[in-house]
Amino acid sequence: MRKGIARGFAAGLVGIGISALLGAAPASATERGEPNCGLDRICMWEDTEFDGTRYVDVAAAASDTCHEIDWWNGDNEISALYNHSRTLKVTLYANDGCTGAPFTLNADSLISNLNNFGFDNEAESFKIHN
Ligand SMILES: [Ca+2]
Ligand SMILES: [Ca+2]
Ligand SMILES: [Ca+2]
């Protein structure tokens with residue numbers, strides 16, 4: 001479900017302000033440090049570079065369960081994710097109920113900008129599996 005543009009616009013302004021404070025030079029991954037996501041957990045963020053609201057922070061356990069991303073707090077907003085499981089994969093789905101286009105992330109992997117994979121602000125549900 002698509003939500004209001006005003007909210008996204010406001011978040012964008014906040015992002016610009018933070019970037020300005022940090023200076024012009026983009027920080028490397030090591031300078032920024034690890035995204036804030038515990039071992040054996042799967043985390044997803046509203047904004048690129050693991051920024052904004054961390055809408056998803058769940059324990060990694062393999063199952064057929066479809067995990068819903070909340071329709072207001074996360075659907076079609078996820079822009080970065082960290083699969084901090086050493087062994088399990090995560091598959092995002094473009095629609096609710098683990099339907100629609102899938103996107104799978106391998107174990108122990110992270111993506112700072114889902115736009116690079118054509119999946120920015122698309123995910124609405126996910127599965128954790130082997
Ligand atoms: Ca987003
Ligand atoms: Ca979607
Ligand atoms: Ca959802």
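Predicted model: local features only at pLDDT ≥ 70, side-chain atom pairs only at ≥ 80, totals over all residues.

Reader: What is the bridge partner of His67 in S8?

Author: S3 and S8 run antiparallel. Two bridges join them. For His67, the partner in S8 is Phe126.

Reader: How many bridges pair S5 with S6?

Author: S5 covers residues 89-95, and S6 covers residues 99-105. Their pairing is antiparallel. Asn95 stands opposite Thr99 in S6. The number of bridges is five.

Reader: Which residue in the hairpin of S5 and S6 takes a positive phi?

Author: Three residues lie between the two strands of this hairpin. One of them has a phi near 70°. That residue is Gly97.

Reader: Cys98 is in the loop between S5 and S6. Is Cys98 buried, partly exposed or exposed?

Author: A buried residue needs 20 or more other C-beta atoms within 10 Å, and an exposed one has 12 or fewer. Cys98 has 19.

Reader: What separates the C-alpha atoms of Cys98 and Phe126?

Author: Along the chain, the two residues are 28 apart. Cys98 touches Ser125 and Lys127, among others. From Cys98 to Phe126, the C-alpha separation is 6.0 Å.

Reader: How many bridges join S1 to S2?

Author: S1 and S2 form a hairpin with three residues between them. In its turn, Glu49 has a positive phi of about 65°. Arg41 stands opposite Ala59 in S2. The strands run antiparallel, and the bridges number six.

Reader: Which residue of S4 is the bridge partner of Met44?

Author: S1 and S4 run antiparallel. Four bridges join them. The partner of Met44 is Leu81.

Reader: Which residues touch the most other members of the largest nonpolar core?

Author: Nonpolar side chains tend to be buried together in soluble globular proteins. Here the largest nonpolar core has 23 residues. Those with the most contacts to other members are Cys43, Leu81 and Ala123.

Reader: Which element gives the most to this core?

Author: The elements that give two or more residues are S1 (41-47), S4 (80-83), S5 and S8 (125-129). One of them gives four residues, the most. That element is S1.

Reader: Which residues does Cys43 touch, beyond those up to four places away in sequence?

Author: Cys43 is among the residues that touch the most other core members. Leu81 is one of its contacts.

Reader: Last, the whole chain. What share of contacts between residues at least 6 apart in sequence joins residues at least 24 apart?

Author: The protein has two helices and eight strands. In sequence order, the pattern is α-α-β-β-β-β-β-β-β-β. Buried residues make up 27% of the 130 residues. The share of those contacts is 65%.

How values were computed: Residues numbered from 1 in each chain as written. Chains lettered and ligands numbered in written order. Pairing = 2+ DSSP bridges. Contact = placed C-beta atoms within 7 Å. Core = buried A, V, L, I, M, F, W, Y, C linked by C-beta atoms within 7 Å.
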